[in-house]
Every structure is written in C-alpha cells, then in structure tokens.
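Please look over the sequence and the structure shown here before reading the briefing below, which begins with helix packing and then turns to the interface and to charged pairs.

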Amino acid sequence: MIQDKSLGRRLFQVINYLILILTSLLCILPFVNLLAVSFSGSAAVSAGDVVFWPIDFNTNAYEFALKGGEFFQALWVSVQRVILGTLFNLILMVLTAYPLSKTKTKVAGRGIYMGFFVITMLFNGGIIPNYLIVVKTGLIDSLWSLILPGALPVFSMIILMNFIRGLPEEIEESATIDGASPLQILIRIILPLLKPALATVGLFSIVGHWNSWFDGIIYMNDTANYPIQSYLQTLLLNFEQIMQRSNNDYTQLLAMMNVRTGRAAQLFLGALPILVVYPFLQKYFTTGLVLGSVKA
Amino acid sequence: MLNKIWRQREFHFMLIPGVVLVFIFSYLPFYGLIISFQDYNPGLGFNSPWVGMENFEHVFHQPNFLRTIWNTLYMSVFKIIGGVIVPVIFALLLNEVARTFIKRTFQTLVYLPNFLSWVIMAGIMIDILGSGGIVNSFLGLFGVAPISFLGDPSIFPWSMIITDVWKGFGFGTVVYLAALASIDPGLYEAAVIDGAKRWKQTLYITLPLLTPTIVLMSVLSLSNVLNAGFDQIFNLYSPSVYESGDIIDTYVYRLGIQQAQYSVGTAIGLFKSVVSCIMVTLSYFLAHRVAGYRIF
C-alpha cells in the first residue's frame with residue numbers, strides 16, 4: 001500500500017489505534033474480571049473492590065468446585081458427549097456427503113436426497129414436538145438424547161460435500177478402473193484427502209456439543225445427567241441451593257467464599273477448554289466460513 | 001431404474017443411516033405438529049380430541065402474545081442493524097492497520113466471545129452488570145446512580161441488543177476483512193495517482209466493493225428476524241422484565257414446557273416456524289439474486 005505521511009493521516013492512525021485497543025479490551029476485560037473475582041476473597045468481592053486483579057488471593061472457590069461431586073459428574077457427561085457426539089457427526093457426515101457430492105447420473109435420486117436434508121434446515125417441528133419424539137423413542141435421561149437428534153449436522157455436511165467436489169476426479173476414476181468399490185474409495189482415498197475439512201467440521205461439532213445446554217435441560221429429568229453447560233445454567237439460577245445439596249461435607253469452604261466467587265470459578269472452568277483450543281478454532285472456523293459458501 | 005439403483009447400491013447404503021436418523025428426529029416431529037390442532041392429553045397422545053383452530057385463536061387473543069411478537073421484532077431488528085454496522089466499521093478501521101501481526105491480534109481478541117456459550121456469557125453478564133459489578137462501579141466514578149441493566153423493563157431490551165452485538169461482532173469482522181482482502185490493490189494505486197486521499201479511497205473504492213458482502217450478510221440475517229436470541233434471553237431474563245423481554249421462543253418454553261400446555265405451545269411454535277420458513281426462503285432467494293450466494 002502506498003504510504004501517506006501527512007499530519008492528518010498520522011492523527012487518524014493514533015485515534016484509530018485507540019479505538020481498536022478500547023474495543024478489543026471491551027471484548028476481553030469481562031473475562032479478566034471473571035478470573036479476578038474467582039481468585040479473590042469473599043469480603044473484597046462483596047464490597048465490589050475487585051476489578052481486574054484478585055484481592056486477598058485464594059483458591060477456595062476452585063477447591064470447592066473441584067471437590068464437589070456434581071461439577072465433575074457434569075464434566076464427565078460433557079466429555080462423553082463431545083467424544084461420542086463428534087464421532088457420530090463425523091461418521092454420518094462423511095457417509096452422507098460422499099454420495100451426495102456425486103452427479104445425478106452416478107447417484108439416482110440425488111436431488112430428492114438433497115431436498116430431504118435441506119428442508120430440515122428451513123423448517124422444524126419446534127421444541128415441543130421434538131421433545132415428544134425424544135420421549136417416545138425412550139431416550140429421555142440418556143446420553144443418546146443429546147447425540148442422536150443432531151447426529152447429522154446438515155450445514156457441515158454441505159461444507160464437506162463442497163470440499164469433496166473440489167478434489168480432482170481422476171484419482172477416483174483410476175481407483176474405479178483398478179476395481180475399487182465406492183466404499184473402498186471413500187475409506188482409502190477420499191478420507192485421507194478430507195483431513196483438513198474434517199478438522200474444520202469436527203471442531204464445529206466439538207464446540208457445538210460442548211456449548212449445548214438447552215437439550216440437557218429439557219431431555220434430562222435427573223440433574224445428575226446434566227452436561228456441564230446445563231449444570232452451569234442451573235447454577236446461575238440458584239447457586240446456594242445447589243451447592244448446599246451437593247457439598248454437605250464442605251460447608252467450611254462454602255462459608256469462606258461467596259456466591260459470586262463460587263460461580264465465577266465454575267464458569268471459568270466451564271469456559272477453559274474452549275479458551276485453550278481457541279487459537280486452533282479461530283483458524284478452522286474462518287476456513288469453514290469460506291468452504292461453506294459457493295459463489296456462483 | 002431399479003437396475004440402476006442396484007448398480008449404485010453402495011452409494012444408497014451409505015445414505016441410509018443419515019436418512020433414517022433425520023427422518024426420526026426431524027420428520028417425525030412434523031407429524032407431532034398435529035397436536036396444535038388437538039387438545040393434547042399425554043395419556044391419549046396423538047389420539048387426543050381434535051379442536052380445529054381453537055388453540056391458534058386462543059393464542060392470538062392473548063394480550064401478552066402480541067406483546068411477545070412486538071418484543072421479538074423490536075430486539076431482533078436492532079440486533080440485525082447493530083450486527084451489520086458495528087463489524088463493518090470495525091473491519092474498516094482494522095483494515096487501516098498496516099502490520100499483519102497487530103491486525104491479527106485485534107481480530108483474535110474480538111472473535112473470542114463468539115466461541116463461548118450464552119450460559120457462560122450470561123454468568124459473566126449477571127456478574128458485571130449487577131449492582132456491585134464493574135460496569136456500575138465504573139459508571140459510579142462519573143456520579144451515575146447504579147443502573148439495573150437486567151431488572152428494569154425499559155432498559156432490558158437494550159441490554160440484550162448491546163450484549164448480543166458485543167458477543168457477535170467479531171464474526172462479522174472476520175467476514176468483512178476477508179472481503180476487504182480480496183479488493184484489487186491496483187485500484188488504490190490508480191486512485192492515488194488520481195490524487196485521492198485515504199478517505200476518498202474508502203468512499204469510492206472500499207465501500208462500493210464491500211457493499212455486496214454487506215447486502216449478503218443483511219439479507220441472510222433477515223431469516224433470523226423471529227429468533228431474537230433464545231439462548232441469551234432465557235439465561236438473562238427474570239419475571240420482572242417479562243413485559244419487555246419475553247420473546248416468542250421463551251414464551252413457548254414457559255407456556256409449553258413449564259406449564260405443560262403442549263397444544264398451545266406447539267401452535268405458537270408452528271406459527272413461528274411457518275413465518276420463519278418464509279423468511280429463510282425469501283432471504284436465501286434474495287441472497288442468490290442480489291449477491292450470487294448459494295449454500296448448495
């Protein structure tokens with residue numbers, strides 16, 4: 001770009017940087033505050049003195065969260081959900097995207113299949129009919145109620161489909177001549193080439209499953225089956241009640257912290273996995289954005 | 001025909017798992033929509049007595065239903081406007097930063113809130129917007145009396161609009177930066193030779209070339225006009241702000257799931273789905289016509 005060194009330009013640059021810095025700070029300071037509150041003493045938090053640095057540093061709130069049974073239980077449900085759910089998503093997406101990336105002549109009824117899947121992106125039954133189906137299929141209170149209803153994410157499947165279409169056709173043709181069946185081609189040839197796209201849609205699934213909370217709330221009657229986000233959601237509503245129920249042995253710790261520190265610590269722990277993988281996420285989500293749209 | 005399908009059987013077998021799961025969890029709920037024309041009784045299930053349009057009439061005559069529609073439209077329209085303007089401005093400002101590393105750092109910071117669930121975000125909001133939270137402490141420095149951001153019905157919708165734009169603008173920024181990066185640098189060089197300063201360049205080159213993307217993003221967000229943000233509002237509202245904060249989805253939840261009025265809840269859900277479906281179709285059609293965008 002051509003350099004402009006006029007006074008006006010320099011003034012603009014200074015103001016521009018100020019605006020950008022302020023806006024960016026606005027996006028991360030709430031998390032810094034959360035972290036500071038979670039490590040602070042109860043009295044300082046109640047007085048509203050904690051800003052971006054902990055006062056009376058202590059780890060009571062974390063000890064409390066990590067000793068409590070319910071937090072770990074919810075974490076375990078979420079870990080299972082993310083692993084199984086993502087695995088299911090990936091398998092179903094690959095199996096569906098590969099035939100649908102073919103032309104009409106290779107797969108009869110391709111248009112019908114596409115319509116069948118795309119309609120579900122436009123129209124859905126709404127929460128009550130969905131809930132009734134989960135009840136009828138007997139999945140209530142089971143981990144599968146969080147995995148099976150969304151087992152095929154149609155949007156991600158379309159991203160994969162577009163990606164497969166971009167692969168050179170000759171590889172497949174030569175494999176066909178060598179006598180490979182479609183399933184063999186899919187597993188031996190397409191799958192390895194699909195790795196970058198799978199990383200993208202896989203991360204979509206991981207984040208989606210980790211962050212989901214509403215299905216947990218409506219499909220689980222027993223709060224012991226709540227995934228982490230659903231558990232945190234109930235925590236927002238009535239912290240004390242839940243804490244007293246789950247941690248009878250830790251009343252001493254409970255007395256040393258207040259609602260805000262306790263909640264902050266658990267929220268931070270719930271956000272931590274995403275914060276850790278965030279640098280990778282960002283890259284892949286941006287790629288997914290590009291793969292998702294075909295400019296005609 | 002059958003012969004042909006038999007020859008392609010492997011492809012069709014691959015599609016079976018996806019078709020079956022989508023049929024069960026997306027199409028069977030469509031059948032469940034019939035309960036909006038029935039007086040649903042869990043004991044009788046789908047054999048409950050038919051009541052025609054009674055549920056719809058009942059809903060439309062409720063004074064708080066119209067209020068709910070108004071709240072939904074009010075909040076989503078401002079969220080859409082803010083959700084387009086803020087990222088465009090931020091991307092334009094960011095584009096003036098010459099150094100890639102600095103640019104990427106800002107981008108990373110503002111993109112972060114997109115990846116955390118509204119449960120975590122709501123926890124943070126409740127904490128920082130509360131009477132002892134940092135926002136009110138900060139305003140207190142200027143002599144502003146504590147504001148009840150989440151408890152005052154006249155402020156609540158704007159708290160939702162601003163926090164939603166805050167959480168989401170990083171995503172839009174990434175999209176617009178990608179569009180800006182694809183502008184031919186030769187155009188700027190030519191403009192400089194013609195004596196155009198940075199501002200004129202922005203006005204006559206950058207903005208016109210960014211317009212298709214802006215139109216596309218606005219048109220696509222049109223499909224969300226009846227979704228004013230269930231995740232956000234559900235986690236942040238309370239009975240004291242129902243009058244201005246209740247949206248269609250939260251209303252369906254309270255009526256349908258909490259009060260177990262399955263038929264009435266489904267009727268509202270169906271009404272919303274039909275209107276939303278029309279909006280989505282319309283917006284995708286417009287996006288295709290105006291910006292040449294298609295997703296499959």
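In this predicted model, helix 4 (residues 63–95) of chain B and helix 8 (residues 156–181) of chain B have axes that come within 6 Å of each other and cross at roughly 40°.

**Helix packing in chain B**

- Helix 4 of chain B passes helix 8 of chain B in a right-handed crossing, and the residues of this contact divide into 20 nonpolar, 5 polar and 2 charged.
- Helix 8 of chain B also packs with helix 6 (residues 118–129) of chain B, at an angle of about 130° and with the two axes 12 Å apart, which makes helix 6 of chain B oblique to helix 8 of chain B.
- The crossing of helix 6 of chain B and helix 8 of chain B is right-handed; helix 6 of chain B contributes B:Trp118, B:Met121, B:Met125 and B:Leu129 to the contact, while helix 8 of chain B contributes B:Thr163, B:Asp164, B:Trp166 and B:Lys167.
- Sorted by class, the residues in the contact of helix 6 of chain B with helix 8 of chain B are 5 nonpolar, 1 polar and 2 charged.

**The interface between chain B and chain A**

- The size of an interface is often expressed as the accessible area that is lost when the parts come together.
- Between chain B and chain A, the buried area is about 8500 Å², and carbon and sulfur atoms give 75% of it.
- On the chain B side, the residues that lose the most area to chain A are B:Met14, B:Phe25 and B:Phe115, which together account for 9% of what that side buries.
- Counted by residues, the contact takes 87 from chain B and 99 from chain A.

**Salt bridges**

- Side chains of opposite charge can pair when their charged atoms come close.
- Over all chains the structure holds 7 salt bridges, and the count between chain B and chain A is 2.
- A:Arg9 forms a salt bridge with B:Glu96, in which the closest N and O atoms are 2.9 Å apart.
- Within chain A, the side chains of A:Arg81 and A:Asp215 meet in a salt bridge with an N to O distance of 2.8 Å; this pair links distant parts of the chain, since A:Arg81 lies in helix 4 (residues 69–100) of chain A and A:Asp215 in helix 12 (residues 214–219) of chain A, 134 residues apart.

Conventions. Residues numbered from 1 in each chain as written. Chains lettered and ligands numbered in written order. Predicted model: local features only at pLDDT ≥ 70, side-chain atom pairs only at ≥ 80, totals over all residues. Heavy atoms only, no water. Axes fitted to C-alpha atoms, helices over the stretch in contact; angles between N-to-C directions. Helix = DSSP H or I, 4+ residues; strand = E, 2+ residues; numbered from the N terminus. Left-handed = near helix turned anticlockwise from the far one by under 90°. Nonpolar A, V, L, I, M, F, W, Y, C, P; charged D, E, K, R; others polar. Contact = heavy atoms within 4.5 Å. Buried area = accessible area lost by both parts, 1.4 Å probe. Salt bridge = Lys/Arg side-chain N within 4 Å of Asp/Glu carboxyl O. Parallel < 35°, antiparallel > 145°, perpendicular 65-115°, else oblique.
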